[in-house]
2 protein chains.
Amino acid sequence: MPETLPADSVGLVTPHTRRFDTPLKLDCGRTLPGFELIYETYGTLNPARDNAILICHALSGDHHAAGYHAMSDRKPGWWDTAIGPGKPLDTDRFFVVAPNNLGGCKGSTGPNTPNPETGRLYGADFPIVTVRDWVRSQALLADVLGIEQWAAVVGGSLGGMQVMQWAIDLPERLRHAVVIAAAPRLSAQNIAFNEVARQAIMSDPDFHQGHFYEHDTVPRRGLMLARMLGHITYLSDEALRDKFGRELREGRINFGFDVEFQVESYLRYQGQSFVDRFDANTYLLMTKALDYFDPATERGQDLASVFRDALARFLVISFTTDWRFSPQRSHEIVRALLDADRKVSYAEIESQQGHDAFLLNIPQYMSVLGTYMRRVARECAQ
Amino acid sequence: MPETLPADSVGLVTPHTRRFDTPLKLDCGRTLPGFELIYETYGTLNPARDNAILICHALSGDHHAAGYHAMSDRKPGWWDTAIGPGKPLDTDRFFVVAPNNLGGCKGSTGPNTPNPETGRLYGADFPIVTVRDWVRSQALLADVLGIEQWAAVVGGSLGGMQVMQWAIDLPERLRHAVVIAAAPRLSAQNIAFNEVARQAIMSDPDFHQGHFYEHDTVPRRGLMLARMLGHITYLSDEALRDKFGRELREGRINFGFDVEFQVESYLRYQGQSFVDRFDANTYLLMTKALDYFDPATERGQDLASVFRDALARFLVISFTTDWRFSPQRSHEIVRALLDADRKVSYAEIESQQGHDAFLLNIPQYMSVLGTYMRRVARECAQ
């Protein structure tokens with residue numbers, strides 16, 4: 001809760017909602033008759049309309065990427081460290097657009113919004129959406145905003161997958177692709193973790209086959225477990241050791257099943273607080289979008305061949321202790337881009353923070369991103 | 001289901017049960033008025049009684065370490081690869097003793113056995129047991145079997161922790177300590193995974209605060225989730241990739257939440273079949289014993305100082321892709337043993353199988369173990 005807003009904050013922001021009445025055909029074969037996207041913007045679109053940046057969010061992200069909704073907010077948007085005046089995504093130079101993805105739970109059409117065909121909330125009837133579907137819907141948003149070509153599309157984790165899909169599917173519509181802490185496809189281990197999270201949610205008796213809204217309940221236990229598990233994979237072994245080690249909350253072992261170690265307390269808190277701000281159906285959809293993302297599959301896993309369609313310049317960033325999407329996964333992306341004769345810069349950032357690092361204010365990371373984005377800014381009309 | 005028993009099998013075996021009527025004081029402060037241990041033995045105790053080997057089991061292990069209970073058995077005991085005539089733990093030379101730990105669910109006194117004080121099953125009233133408690137109870141078993149000193153105490157994972165505790169607490173009672181795929185204490189990440197597993201079980205409405213027996217149910221969902229999660233940590237990323245990759249069960253994506261990827265099918269099967277053979281309260285107890293194990297804590301984390309009490313020679317074995325208890329954790333053990341001026345041999349086995357490797361028939365592993373154990377055998381009276 002800031003008493004005054006920091007000078008490098010985008011300040012108080014208000015989300016916008018845009019309704020699209022044209023039907024959207026999805027990868028799964030179903031069609032959304034219409035949909036809404038909620039989004040925020042920071043900075044000003046220049047007259048040449050060439051300084052726009054699209055921010056793609058990750059699993060539990062949303063459209064509130066920077067600034068505050070009210071002076072009473074405890075925390076700013078999820079990527080406030082990177083977005084603002086003078087920050088790497090410099091809102092004095094760029095017009096930054098941050099939508100909530102289709103299937104999300106923060107205002108865009110998703111499981112917790114009304115299904116026009118039934119009048120009740122979609123719940124489990126919401127179609128499974130893919131990274132490609134998100135790119136399609138984001139392109140429609142770009143159209144209405146008058147953005148023919150993004151200066152850059154930027155995202156971390158699942159957001160980085162959207163960036164790659166943009167570069168592959170709509171090559172003329174972005175000049176730069178910034179792919180952070182991502183992978184060209186999930187590993188079996190990644191899918192396995194997602195599957196345990198899904199089973200936790202779906203086996204919760206309060207899930208009611210995804211129609212828990214009508215039962216006036218939420219699958220708290222399942223979503224909490226999914227989030228606890230997620231958190232372990234976001235943090236490195238080192239980060240957990242540095243943060244908690246084997247420290248005991250009451251300084252001694254109690255020989256019981258209540259919280260004893262600090263790390264248990266942290267995980268339970270993370271799990272519990274997530275339940276109050278996230279939707280279980282959206283969690284399921286996001287993990288499926290992750291599982292399915294595999295742009296090279298249609299070309300016999302030849303990722304380079306897929307990237308040959310791309311026209312953007314790439315910046316790829318990974319973090320040394322990220323074991324969810326390790327630097328090796330970024331190397332796969334970089335290697336394929338080089339094989340495809342694309343222009344790519346790569347930075348591997350030293351960090352103890354695991355996958356979570358992509359959200360943090362790490363000087364080397366912010367410096368690399370800032371340097372790259374200043375170059376992007378110089379290409380824009382003044 | 002063997003039609004004939006393999007020549008190197010210990011053959012058909014029958015478990016023994018031993019009742020102890022002396023009260024056993026536990027680390028948690030409570031006292032078991034009496035208890036039973038179920039165990040199997042393979043081979044023959046020699047007249048000098050110096051060729052006995054104790055096998056300590058891991059989280060989901062039990063006393064059925066080798067051979068078959070019936071010709072109709074689908075599989076032999078859990079470490080049949082290592083125990084038998086001519087195998088590394090050569091039953092032509094050694095008398096092998098394999099008990100089920102206290103708090104287990106396969107016949108030793110535990111949550112699913114009657115509490116003499118109430119007449120009903122212990123359930124959640126069973127006291128939390130520690131690795132040290134297990135060593136105490138195993139020593140009582142050694143007493144009644146007339147084994148003053150084990151030729152070796154051997155165990156992997158949580159079993160390896162028991163081996164270390166034996167060497168520290170009862171140094172005169174073993175000549176060799178074989179510590180496989182273990183760690184001197186859990187990391188915060190290890191504890192975090194255990195905590196998610198516990199929360200999965202305890203938050204299952206069928207858990208009934210651990211007294212589900214009386215409700216004629218079992219917390220299937222929770223135990224299944226715990227096991228699925230466990231399996232991810234037992235297998236390496238590489239093993240999952242080699243085994244399943246991103247292979248789809250029906251060859252195509254179905255855009256639904258049923259099993260799609262082979263790895264999901266595998267995990268669900270592992271989870272479901274575990275529920276039928278394991279007890280949720282025992283699972284909780286085993287994870288707590290893991291969390292609490294930390295022999296160096298009383299000496300300011302000076303593991304070398306603790307090992308100075310030991311008299312046994314050590315063999316320490318780790319596996320390259322084990323990320324649950326990585327080779328680095330075994331290095332900590334070896335370094336502390338060297339600092340304590342103890343005799344230790346160390347082998348790091350190349351394997352793609354992750355933590356699970358300690359249960360598998362890996363030639364280099366079996367060769368190292370066999371060579372070491374032949375030396376142990378030569379020290380025994382003929």
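I took helices (H or I, at least four residues) and strands (E, at least two) as DSSP runs, numbered from the N terminus. With that, I find 10 helices and 12 strands in chain A.

Ground rules for my notes: this is a predicted model, where local features need pLDDT of at least 70 and side-chain atom pairs count only at pLDDT 80 or more, while totals for chains, interfaces and linings use all residues. Residues are numbered from 1 along each chain as its sequence is written, chains are lettered from A and ligands numbered from 1 in the order in which they are written, and side-chain values use heavy atoms, with hydrogens and water left out.

**Overall form.** I looked up the radius of gyration (over C-alpha atoms; the globule rule is 2.2 Å times the number of residues to the power 0.38). For chain A it is 21 Å, close to the 21 Å from the rule for 382 residues, so the chain is as compact as a globular protein of that length. Its C-alpha trace spans about 65 × 50 × 50 Å along the principal axes.

**Burial.** I call a residue buried under 20% relative accessible area, exposed over 50% and partly exposed in between (1.4 Å probe, protein chains only). Of the 382 residues in chain A, 62% are buried.

**Contacts.** A contact means heavy atoms within 4.5 Å. Among chain A contacts between residues at least 6 apart in sequence, I note that 72% join residues at least 24 apart.

**Tyr68(A).** Where does Tyr68(A) lie? I found Tyr68(A) in the loop between β5 (52–56) and β6 (83–84) of chain A. Tyr68(A) is buried, at 7% relative accessible area.

The same surface serves both: 100% of the contact residues of chain A recur in chain B.

**Gln199(B).** I then turned to Gln199(B), which sits in helix α3 (residues 188–202) of chain B. Is Gln199(B) buried or exposed? Gln199(B) counts as buried, at 11% relative accessibility. Leaving aside neighbours within four places in sequence, Gln199(B) is in contact with Met224(A), Leu225(A), Met228(A) and Arg268(A).
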